[in-house]
Every structure is written in C-alpha cells, then in structure tokens.
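Please load both chains in the viewer and follow the stops below in order, making each selection before reading what is there.

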Amino acid sequence: MARDSQAALVALNRFGFGARGGASGDFVNAASDPRGFVKAELARPDGALLEVPGLLSTAALGKQVFDYQFEIQQARDAAKAAQPAAGETAPQSSSEPVPQRRNLSLSTIAKEITAKDPTMQSAENANAAMTPAGTMQPAVDPPKPPAQPLNIIQKTFRAEALARLQRGVVADCGFVERLVVFWSNHFCISANKGALARMWAGSFEREAIRPHVLGRFADMLKAVEQHPAMLFFLDNQQSLGPDSRAGINRKRGLNENLAREIMELHTLGVSGGYTQDDVTSFARVITGWTFAGRQGQLGTPGTFVFNANAHEPGPQSVLGKSYPPNGVAQGEAVLSDIAQHPSTAKFIATKFARHFVADDPPPALIAKLQDVFTKTDGDLKALATTLVDSSDAWQAPLTKMRSPYEFLIASGRLLARNPEDPGRYLNGLNVLGQPLWSPAGPNGFPDTSAAWAAPEGLKLRLDISAQTASQLADRLDPRDLLELVAADAASPETRRTIERAESRQQALALLLMSPEFQRR
Amino acid sequence: MECCESLMTQATSRRALLLGGASFAAWAYLPKFARAADGRDPRLVVVILRGALDGLATVAPIGDPDYAALHGAIALRADGPNAAVMLDPFFGLHPAMPEFARMYRAKQAAVVHAVATSYRDRSHFDGQDVLESGFAGPGRVQSGWLNRALEALPKGDRVMSALAVGPTTPLVLRGAAPTVGWAPVALPQAADDTAMRLLDLYQHRDPMLASALTQGLQLEKQAQGDDMKPKPGAGGVAAMRLVARGAAKLMAADDGPRIGALAFDGWDTHANEGGPVGRLAQLLGGLDGALAEFESGLGDRWRDTVIVVATEFGRTARINGTEGTDHGTGTIALLAGGAVKGGRMITDWPGLKPANLYQARDLAPTTDLRAVIKGVLHDQLGVGERALAETVFPDSSPVKPMKGLVA
C-alpha cells in the first residue's frame, strides 16, 4: 500500500495516543494502512479490560476503606477517653520530638492522619474542593515526619492511576484506550468527593466503563448508575423516598442530584426534552439505589444494593410514560427507555464527534453517528467503527488540541518511558488543570481546543516539556524522533526549528511543543 | 516524563489549591478615566459563585413566618448559639460572614434579595452561561457581559506588568476586549530562547497557539512574593483568600487593571449543607475572607471599589430529603466596597407562602440581576444605557439599570 503520512498522523493522533518511540514502527505501520491500524484494536475481544494483579474489586476496596475509617474512629474515641494523659506528655515530645514519636498519644496519631490526608478530611463532605475547617482540628502542628507513609486510599489511587497510565503508554494505537478516557469523562465521578470516591475512582472505570466501551450504551449506563462510586458521587445513597418506610421513620427524603445529571449529562442532554417534574419523578424512581456500608446490613459491603425500605412506593411517570412499582426494575426500565431516546442518540453522537474530530463537527458526521447509534440500539463498537470508516474523520484538519492527559501520555510513548511510579504524571496533570479522575463538576473536563490552548496552560506545557527534555534529551536525537512522530507530514518550519535548535534539549522541548505534537 | 519531582510537587501543591475552586482574570487595559483629573479611579470586581448559592441560607428571611419550616434543620436563627447577624428586623446574615456584616454596618455593603438572571431552568452549566454571557438564553455566544461592557469604555494604556495569564478566563470576562489572568503557580521556566523559537514556529504554522503563547509568556517574570504561596494543608477556603489577595494586590497597583473577575466553585450543596456551621458555612467563610482581602489589599483604592458577587441561580426553598437543597431560582447578589451605597437590603420580598414560591418550590425572583449589574456598570464605570441594553445585555431594554447602588 501507498505510504500516506498525513493519514498516519490522523490515525496516530486523532484516534490514538500518538506514535511510540524506539523500534515500534508505529508511524510506518499507520502510514501503510491507516484505517486498519486504528481498527485492529477493535477486533480484540476484551481489549478494553484492565486486569492487573493487585487491583481489587469495588467491594474489596470498600471493605478496606470502611475498616480504615473505623480504625481512625476508634483511635479518636480512645484518644478522647485518654485526654488528660495525652496532655501531660505533650511538653516532652516538643522538646525531643524524634524519640518521643513512638510514644505519641493516639489522639496525636489520629490528628496526624487526618491532617495529612485530604481525602480523609473531606470524607464527610459532599464537595471536597473546599476542605471543611471543622476537620482541621490540630491546634498545634504535629512534628513533621520525614516521609509520611501513604495510607490505603492514597496507595490505591496511585496503583489504579499507574495501571491506567501504563496501559496508555504501551497500547498499540491507543484508540480503545482513548475510547475509555472519553466514556470515563462522559460518565465522570470526582475523586475529590471524598475517601470512597478516591478509593473507587479506578475500580469504577474498570468495572462500569471498560467492559462496555465496545459493548452497548444501555449496559454501560446501567453499570454506571448502579455503581457505588456514582451513587456516592451524586448523593443517591442519601436519597430516601419521602413516603418510604425509611423516609417516614427518619424524616428524610429526596435528593434529585443523580436523577438530574443522568438526564442532563449522561443521556438526553440539557435540551433533550425533560422537565423538572421528570427529574423529580425519576429521583423518586431511583430512591433505594444505594450501596451496602461497613456493617453489611443490606448486602456485601461496597456493593450495589436496592434498599426497598428507602424506595418511594407507587407508580411514577417519567417523560410521559408510567412505570409500575416493581422495585429496582422500575428504575432499570426508565434507564433502558432513556438510553433509547432520540435525544440521547443525538447528544452522544454530537459529543463523540466533537471529541474526536472537531469542536464544531460536520453535521453529516453527527447525523451518521446518530443513525448508527439508533439503528444498532446503542452498539458502541458500531459507533466507533462508523467514526473510523467515515471520510469526514480523515479529511477534517487536525485542529483539536491534545488534552493534558493526551499530551503527557503521548510524550511518555514517544520517549518510551513506561512509568514505574505515577507521581510525575499525576503532578503534570494537576499543573495543567486536568487532575486525574477529578474534574471540577459532574460535566467532566472540557473538550474544546479553547479550553486547553489557554495562555497559561500552553506556557506550562512548555515549561514541562523543557523539564522533560532537560532530563532525557542526552540519549535521544530529536531529528530521529521527528521521523517517528510525523516523518514527511512534518511541516518544513517545524523541521527547520528542530534542526536549528541550539541543543538536543531545546530541540526535544520544541518537538514536544510543535503543532504536529500538540494538535490532533 | 522525567520531570524534577520535588519542583513539580511544589508547583502542584499550589495549583491544586486553585483547582479547588478559584481563578482570577482582569482587563488588560487601564481605562482612560483612571487618570482623569477629578481623581475618580474606580475599580470593579465581579465574583462568580459556581454551583448555585443558597441565598436563603446566606441572607435568611428570619422574619418570614414560613422560613424556619422550609429550611428546617439548617435554618438560621436570630438568637441562641451561632445566631445570624440581623441586618434589619427581617433578614439575618449567616454568622460565617462577620467581615461582610462589618462592611454592611459601615454602609459599604448591600444585599439584593430574591434576584435571578433571566434563566428559568435548572442546569448549572446553562445557568452559568446565561449569568456570564448576559444573553437571555444559554449557548448563544462565547463572550461575557463584562468584556462587552469594557469594549464600551475608553481604552487607556495596556497593563501588563506583574500579570501572568490565568489557567482559564471566566466566560463573563471573555471576548474581544483583551484580558489577562493570574494564578499563583511556580514551575521552573523554560529558557526564554526556547520560548522565542517556539513562538516563531507558531507564528508561521499556528496563529492560535502563537496568540496563546504570547499572552502566556507575558509575565511570570515577576514573582509574586512569598506571602502569595498557599500554606500546605490549607483547603479551598484558603485558596479563595489567596486569589483575592493576589487580585487585590494587582488591582491596587497604579498601573494595574481596574476591572477583574474571579470565579469560586463548590456551592452545589445538595446534601448536608449545614446551618450556622458546616459545609456552606465553610464556603461563606472563604468568601467573607476574600472580601476582606480585597478591602485590605486595595488600601486607599477600596473607597473607589465595587465588588459584585453573583451566582447562576438559587436553591429550593424547602430543604430536600438529605438536609441540603436542590437547584432552584431566586437567590441573592452581594455588593461590597467603599463605593457601594451600602447598609441596605434591596428587595421586593415575594414571601415564602407556598403560593408565592416559583413553581411551588423556589424563592420567586422579583429583581432581574441584569438591573443590578447595569446599575453598577452605569454608575461605577459610566457605561451608557444604550450599550447596556443592546450589546452588554442584548435585548434587555425593558430591564432598566437600578439606580443609586453606587455612593
């Protein structure tokens, strides 16, 4: 086949995570059969799953975090009981902090744990973006330990992050992994919500998103809305049917947060044709959708359960259709109907095209995707295949800006740096405004070029690229790397800029910042 | 990715706080009137609270016979521990806002109650779009009313010193009038020569990136000083103060911007909102601290300052089943600053009887937020009524500027 360098750039950058360095041959392979290169990943059964030794199920992680919180609570309670004794030892420990550390009171230890771990501070808080001062108890700063060991929540988050990062760096084309990131952002939670959300951010994606990325939308929707992480993120575990037994006994009731965001953000879209009454009715329908807590009264701790006691009795009308009272099936029926609603097909098709092709995608492409989504009953593999088969997706100029995540993964691929520690990536994502699994709101991270090509964001990318280059360029020839990234699709200006750079370090920084590397 | 980890971590701790909820952007010009002979040199700051502030919990209508029952366990009270600060016999201010209370007593702060934009649905993202764009509906335009108001002002010198470009510009300030932003981030800088070479490449190949990088490079040269660094372990509340302190420092400078906008996230209190103490109280304490930072940081310029605090919509009058509030309609706007004709509650109170609630669930809006903002833009900056009705808030001529907000 003919070598088509421009199409290779589209295959690698628009659909994938960019060319890998070393002897991968990615650019050559993509140039000889661009569509085949992208679609090869779609043919692998279960290719989206992420099964790594050591990564646990949501239930197992739930148990760990419940136990951890329980221990801290016990330490606090014990400390309260031993208050006077703790007071007497305080002056000693301040004069000789190091040896005394072994004999610190439980209260001091509990304080240290809560002070050092922002996820714990915010565990009780519905929005951890603003840390509650009420939990910042220590009146006196505890002595700073040289390196605080990570707690179970931090360890889990880093292990989950590392597994995801490594998958992105080593994937062949990365198209399936890009799909995972797209759907994960569409159905986002935020790890900042609290300890459980941080603990479950990775398992949520592994369990609710990945199995369905090449499956059916309705299945993903159900898996997401019944996942403990989502129920926690959008408060549904607190929502009680006002006329349910629990609602009457506890004098609590409805919280419409999850119901609204399912309609507005996950399916129909804001102008998808639902009303406030639909939101409220739907919120009643999904009362009782919760997860079992530490004591497991409702089921295995950390698993989805339907709590009939909290469920609003009676039929409900949503979007003009009446749903009989049949427990968890009532909500599942609503979800199933919403998944097939024409507004959902349009909303998903538009978002999908916008993510991969252009901020203002060609209407004909949206129509085609919408049509396929409808006709195949939300077959997401068919949706992805349609995108790759469309000529629009190959002809549209590469005007989208790589998101910070895409940029950092692409850099790691090119420089063949499979991370052993997620720290640098996580820090880079924080600096560039896309902290992993932690968007500011339930609408996820933005998906337009304007958001990511902001002045400071670009300057920070340059600073990060310069740092990266200063560490790595010694062993690399940036001119060779340019061949791996773009070959003869590179512009003469970019080629000249790299060739004339005053050092390898400078050349590599410029390559990482070149339009060929930043745009997709 | 082999970045220098210790430096990166340091930078992260700073930025992470900001991501917790705050950003600042300002107009890049010094308006001509800022050096006018009469010495009038006004400042305007717009603070956007994203997530929908519960106005009934912030400035509580304690005198309304229906309030206590509707707001239930989180209702403020006029007496007892953590009592509200009564602004008048009817309205009580949340006890987490002592600085605002002080400004109110000093007649440098006012509250507009039962206010709303023209948006009547309940999507945050559309509601914020209407609030910030100034158009009657969402998704119509990529510019904000404050930016379009600036276009109506006489431009003076371009202000660039001591400004870095912020991570994102709030929509309210986006548009044709050039703006700059600031965020307290420190990362080792790429060499100037590398940046210049890259800029040259962009100028030939990618004009949009060239423009972004040009702006991005314009500052950062000036370090902001140690007092700008957030303390490790401090939360988003501290970040609010921090951003306000930095913004005030920039806006106090003789050649600093006169008009700025900030956005604070996190007001979406669906569950466990808390009453006099708790989650909302924390946020309000942060906002209160930010207002105090402006007052102290602006120094002598405070007397020429108006700060407008606004949010996309209010929350349900009745608390929901989880001791929080769901998306609603009417809410409050706050005005603070030495130039505010303060010490006043400005409201046409609709009452909280079931029949008086909007759609039987929300505080009914009786004041159009655009009237408040138009009044401030007119009296504080001298933006003409015609521009206000046609370009700043298109198709809004029936909404007249509220008079007498500025002293």
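Begin in chain B by selecting strands S3, S5 and S4, which in that order form an open sheet with antiparallel pairing; here strands (E, at least two residues) and helices (H or I, at least four) are DSSP runs numbered from the N terminus, and two strands pair if DSSP finds at least two bridges between them. Strand S3 (59-60) and strand S4 (85-86) of chain B stand at the edges with a single partner strand each, so one side of each has no neighbour in the sheet. S4(B) is joined by 2 bridges to strand S5 (residues 92-93) of chain B, and these two run antiparallel; to see one of the pairings, select Met86(B), whose bridge partner in S5(B) is Gly92(B).

Before going further, note that this is a predicted model, in which local features need pLDDT of at least 70 and side-chain atom pairs count only at pLDDT 80 or more, whereas totals for chains, interfaces and linings use all residues. Residues are numbered from 1 along each chain as its sequence is written, while chains are lettered from A and ligands numbered from 1 in the order in which they are written.

Stay in chain B and select strand S2 (residues 43-49), of which 7 of the 7 residues are buried, so that S2(B) is largely enclosed by the rest of the structure; a residue is buried if 20 or more other C-beta atoms lie within 10 Å of its own, exposed if 12 or fewer, and partly exposed in between, with C-beta atoms placed from the backbone. Showing side chains, you will find Arg43(B), Val45(B), Val47(B) and Leu49(B) pointing one way from S2(B), and Leu44(B), Val46(B) and Ile48(B) the other way.

Which strands does S2(B) pair with in parallel? Strand S9 (residues 305-311) of chain B is joined to S2(B) by 7 bridges, with Arg43(B) opposite Thr305(B), and strand S8 (residues 259-264) of chain B is joined to S2(B) by 6 bridges, with Ile259(B) as the bridge partner of Leu44(B). For the chain as a whole, there are 12 helices and 12 strands in chain B, and buried residues make up 63% of its 407 residues.

Now move to chain A, which has 29 helices and 4 strands and in which 56% of the 520 residues are buried. Select helix H4 (residues 58-81) and helix H9 (residues 152-170) of chain A, which pack at an angle of about 155 degrees with their axes 10 Å apart; the axes are lines fitted to C-alpha atoms over the stretch in contact, and angles run from 0 to 180 degrees between N-to-C directions. H4(A) and H9(A) are therefore roughly antiparallel to each other, a description used for angles over 145 degrees. Their contact is made by Leu61(A), Gln64(A), Val65(A) and Tyr68(A) of H4(A) with Ile152(A), Ile153(A) and Thr156(A) of H9(A), two residues being in contact if their C-beta atoms, placed from the backbone, lie within 7 Å.

For the last stop, select Ala11(A) and Leu511(A), which touch the most other members of the largest nonpolar core, a set of 153 residues; such a core consists of buried Ala, Val, Leu, Ile, Met, Phe, Trp, Tyr and Cys residues joined through C-beta atoms within 7 Å. Helix H11 (residues 195-209) of chain A gives the most to this core, with 9 residues. Leaving aside neighbours within four places in sequence, Ala11(A) is in contact with Gly16(A), Ala30(A), Pro34(A), Phe37(A), Val38(A) and Cys173(A).

Methods:
Parallel < 35°, antiparallel > 145°, perpendicular 65-115°, else oblique.
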